[in-house]
Amino acid sequence: MTLGATYSVAEEEIRSVLSLFSQLGKSRKSPDARMDMPTFQSRLSAMPVRAQHTLQQALAGLAAQAPTEAPDKPMLLKLAEHVAIRFALDSYERGELRVNAVKQVLDRMNTEIEALRKILGAQEELMASAGLSVQSHTDLLDQEFWLQVPEENKKEVLISEEAWCVPPRNIRVYLEDMLRRGELKTVNEVLLNYATCIAMDAPEARRTVAIGISDLAELYGSGDGSALMDAIRRTGNQLAVEREPELQMLVGATFVRLSQEAAAKRCYAAIHQALASLESIEIQRPGATQSLRPRIGAEERLPEFVEEALRGGQIPDGLPEILALMPQATLQYLTNRFGHCGFREDCELLGNMARTLGDDATNRMIETLQTAPAPEAAEVIGLLSQLDPDAVEQLLPRRLEQWPRAAHDRTVRQLSSVPAEQRARLLVAVYDFLDVMIRPLAIDEMGMSGRPECITKLMYLVDDDLTPGFARVKSVEALGRLRATRAGHSLERILDAKQLWRWTYPSELRIAAAQALILINPPLGTRKVSSSGIDHKDLALGPTDPEPNASVIRQRRYARLKLSRNVIMTTINLRENFKLSIPELNLGGGIGSGERNLTPGSIVVLKMSSGVRPIKAQAIVRGARPQALAFEFVEMDLEERARLRKLLLELGSLPASPAPINRSRRRGRIALKY
């Protein structure tokens, strides 16, 4: 049996050793108090054998460190610290000293060591003068003590109710070592136990643990989320009942830190726990959460949560529960985001998120559509059409009668994001209530929907001689896109009708009818074209078919043409008109650069020089960037359109078939289509 196991050292004996070190240090600094070596050896020999043994152990430990550690402090001071730590460690291993009393013992030892420190060293003063923080010497001794505790004893302490006594830095070192070893169960067990200490009766324990949990927040967020969620719950419970003002601030700061860690790690179950705890805290301490909510920043991070779900293509587990706790902010963001979507998968996902908010969200959107001003009400049409198309069909026509043209355009744009079946049905329902200038855009959307529900309405527009020419051409093109076999007789009539020596209908309408008939019935269409007097070259510029499985919402109505030279267009309806240089143009619109930018949704009248007579058209601005302005034609006399076709055939290369890969989903890209 070793001497250390036989003898028990009294605290007073160790303090007398430390006092002797102080006297020796003083004798080295002051000639008047000089102590010669025989005197020091004599006084040391007179001490109890138990104290001498502790000193020998400390010397052995110090000698073991000497080859690897730089002499950052006087050797005598380091020896004194080793003696204090060796005593605390021996007492702890014999069961004479519990963990919660170690710091108190070391604090008393440090009183003796402090005198020696003042005599020998000025390192801390140098650090302080350099602006560096200096840790408490007792804390340093406590950390050193922990490092020397046997490995098996560390876990025993950390899963006990005395875990709060261990410095957070020491817990971190232990847990990081466990993580490196893959001991995840141990890590979780220690973290769960440490969090329980936040509710201990002793204020000092609660204070220490609150600070410690904040320091360990990253480790709480490193696992499967269970420890983080439990720590948030326990901290929230303590905050709800804490009555000491200083501890309220500390526990509140810990709660915020854990909640922020949950948000940063996208641990949605833990975020949900934080929001639920806030509700509980508010019930028990009204007003206490006002300063906590902004610091947690869950609502501020809502866009991040939604955007990450869109990038991942699915709603992460736990996110719906969080959204349900912030219904108003969630609905507002989903509504705005839906209006800026460029891909159908994103719209569907946003609709699914909105469904998780329940009937209250749907009813709120219905109320907005029913009573809000036009700009605000128009923004809910797309998302509400995903959830309750019947309500949109019932309310929207009446609202359109009260709205300006810009809101009508926004309505069609919103409906373009809706699934095809609902889109077709709603477009037909609202068509007659739309502004005349916006109707051609709605007709295009009907044709691009691929749904037969639109055919009856489109055939009525084609057969009605009162339908404006531009809308009639658009209706014929839409029937061709839909392969509407019922429209064959109407298209043949447009191609064949004559008045004496000339054709009854304008050339643009006849070209559109020929192109549609070829799509619907190729053999019949080919025969009719051969006897129609239509130049085959004029048929080269036609409407494009929609890709049924395309992700992008706004597919091109016509193939893009790059002109051999830029065309100059001039606005003629603005207070300050300006010129546009157009490098790309087709029968649906174009893109160019100008001296000014216009607000999207603005209507402009454009004039471009072409031979003797200029070409005029009305267009709606689709996108305006510093160097690019996109526009879409909404009204044009058919004779003007015929001259535009001729100009495009002269200046534009014949369009190549669009490759599906060019229309695939690209995250973060907003395409301008015309």
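Arg483 is found in the loop that runs between helix H30 (469-481) and helix H31 (488-496), where helices (H or I, at least four residues) and strands (E, at least two) are DSSP runs numbered from the N terminus. Arg483 has a positive phi of about 55° although it is not a glycine, and at 34% relative accessibility Arg483 counts as partly exposed, a class that lies between buried (under 20% relative accessible area) and exposed (over 50%), with a 1.4 Å probe and protein chains only. This is a predicted model, in which local features need pLDDT of at least 70 and side-chain atom pairs count only at pLDDT 80 or more, while totals for chains, interfaces and linings use all residues. Residues are numbered from 1 along each chain as its sequence is written, and side-chain values use heavy atoms, with hydrogens and water left out.

**Overall make-up**

- The protein has 34 helices and eight strands, and of its 674 residues 51% count as buried.
- Among contacts (heavy atoms within 4.5 Å) between residues at least 6 apart in sequence, 68% join residues at least 24 apart.

- Arg266, a residue other than glycine, has a positive phi near 55°, and its place is in the loop between helix H15 (245-264) and H16.
- With a relative accessibility of 19%, Arg266 counts as buried.

**Nonpolar cores**

- A nonpolar core is a set of buried Ala, Val, Leu, Ile, Met, Phe, Trp, Tyr and Cys residues joined through side-chain atoms within 4.5 Å; the largest one has 138 residues, of which Tyr220, Leu369, Trp403 and Val476 touch the most other members.
- Helix H32 (residues 507-520) gives the largest share of this core, eight residues.
- Apart from this core lies another, of 29 residues, with Tyr558, Leu585, Val604 and Leu647 among them.
- Leaving aside neighbours within four places in sequence, Leu369 is in contact with Ala377, Val380, Ile381, Leu384, Val392, Leu395, Leu396, Arg399 and Trp403.

**Buried glutamates and their arginine partners**

- Glu379 is placed in the loop between helix H23 (374-378) and helix H24 (381-387), and at 18% relative accessibility Glu379 counts as buried.
- The side chain of Glu379 makes a polar contact with the side chain of Arg410 (2.8 Å); such a contact is a pair of N or O atoms within 3.5 Å, of which, within protein, one must be able to donate a hydrogen and the other to accept it, and residues adjacent in sequence count only if both atoms are side-chain atoms.
- Not counting residues up to four places away in sequence, Glu379 touches Thr335, Gly339, Arg410 and Gln414.
- Glu584 lies in strand E4 (residues 579-585) and counts as buried at 14% relative accessibility, while its side chain makes a polar contact with the side chain of Arg560 (3.1 Å).

**Aromatic rings**

- A search of the whole structure finds two aromatic pairs, where rings of Phe, Tyr and Trp (its six-membered ring) pair if their centres lie within 6.5 Å, and planes under 30 degrees apart count as stacked, over 60 as edge-to-face and the rest as tilted.
- Tyr268 and Phe305 form an edge-to-face pair, at 5.4 Å centre to centre and with 90° between the planes.
- Tyr268 belongs to helix H16 (residues 268-284) and Phe305 to helix H18 (residues 302-312), so the pair ties together parts that are 37 residues apart in sequence.
- Both partners are classed as buried, Tyr268 at 5% relative accessibility and Phe305 with a relative accessible area of 0%.
- The charged end of Lys498 sits over the ring of Trp503, 4.4 Å from its centre, and the charged end of Arg510 sits over the ring of Trp503, 3.8 Å from its centre; the criterion is that NZ of Lys or CZ of Arg is within 6 Å of the ring centre and within 35 degrees of the ring normal.

**Cysteines**

- With a disulfide defined as a pair of cysteine sulfur atoms within 2.5 Å, a search of the whole structure finds zero disulfides.
- Cys165 is in no disulfide, and the nearest cysteine sulfur, that of Cys197, is 8.3 Å away; Cys165 is buried, with a relative accessible area of 13%.
- Cys341 is likewise in no disulfide, its nearest cysteine sulfur being that of Cys347, 4.1 Å away, and Cys341 is buried, with a relative accessible area of 11%.
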